[in-house]
Amino acid sequence: RVVVTSSTAAMIPDSPPADPRKIFTEKDWNLESHLGQNPYRYSKRVAEQAAWKFVEHRRHRGSTRLELVAVNPGYMIGPPLANRTDGPGLSLIKALLEGNFFTAGTPPGCHGIVDVRDVAQAHIAALEVPEAAGRRFIVSSTRSFTQLQLAEILAEEFSEWPLPTRASSAAASEPPFCPTVDASPSRTVLGLRQRSVRKSLQIGRASGRER
């Protein structure tokens, strides 16, 4: 069995769907991104689809032993194993705490959030749980968070730090696309119990205090 690390970017398009009540599931694909528009998000879909096509090709050739599972995490935060802070999740929290957005406000963007430790646990379960074979699993908070909302959570502990208190003019000019996802299969099939966003940020707050 092979477990592929994909992303919710492979599922969720760049712009809001026609139905504002849309809940994205494992059946959805991001068909909006392309090389000229959000190529990173496009690459996530193409890479995962290539994996599924490879498995299907093997089956057509008579090989039925290969199993594939895709883990599709949201925006990852949480404690690092290394001292680097240039990863997307860590660099965002660092930028918020250091006042990078204090004057101009937070930029546009709204993402489902997940603790990196929960993503790791999802990979283990995806490898071990028999019922996971042939499935895609969203590993993310059900609701999405703006960067300002993350700053507000951090401010509960770091009120003396130069955290932003407003969105930038670009972010405030139009409502952000904050997708909702159905991550229930990660609980019912993989047995995952995800940490809350506040819980995930506790490690970051402790690390920041030490610095």
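Arg135 is partly exposed, at a relative accessible area of 23%. Here, partly exposed lies between buried (under 20% relative accessible area) and exposed (over 50%), computed with a 1.4 Å probe on protein chains only. The model is predicted, so local features need pLDDT of at least 70 and side-chain atom pairs count only at pLDDT 80 or more, while totals for chains, interfaces and linings use all residues. Residues are numbered from 1 along each chain as its sequence is written, and side-chain values use heavy atoms, with hydrogens and water left out.

Arg135 forms a salt bridge with Glu26, with the closest N and O atoms 2.9 Å apart. A salt bridge is a side-chain nitrogen of Lys or Arg within 4 Å of a carboxyl oxygen of Asp or Glu. This pair links distant parts of the chain, 109 residues apart. Glu26 sits in the loop between β2 (23-24) and α1 (39-60), and Arg135 in the loop between α3 (116-128) and β6 (136-139). Helices (H or I, at least four residues) and strands (E, at least two) are DSSP runs, numbered from the N terminus. Glu26 is partly exposed, at 22% relative accessibility.

The count of salt bridges is 11. Among them is the pair of Asp28 and Lys22, at 2.9 Å from N to O. Asp28 is buried, at 16% relative accessibility, and Lys22 is partly exposed, at 28%. Lys94 and Glu98 form another, at 3.1 Å. Lys94 is partly exposed, at 36%, and so is Glu98, at 44%.

The largest nonpolar core has 17 residues. Such a core is a set of buried Ala, Val, Leu, Ile, Met, Phe, Trp, Tyr and Cys residues joined through side-chain atoms within 4.5 Å. Leu96, Leu150, Leu154, Leu163, Val197 and Leu201 touch the most other members. Helices α2 (88-97), α4 (147-155) and α7 (197-210) each give two or more residues to this core. The most come from α2, with five residues. Contact means heavy atoms within 4.5 Å. Beyond four places in sequence, the contacts of Leu96 include Phe101, Gln147, Leu150, Leu154 and Leu163.

A second, separate core of 13 residues includes Val114, Val129, Val139 and Leu192. Val139 lies in strand β6. Its relative accessible area is 0%, so Val139 is buried. Beyond four places in sequence, Val139 touches residues including Val71, Pro73, Val114, Val119, Ala122 and Leu192. Ala151 is 12 residues from Val139 in sequence, yet their C-alpha atoms are 22 Å apart in space.
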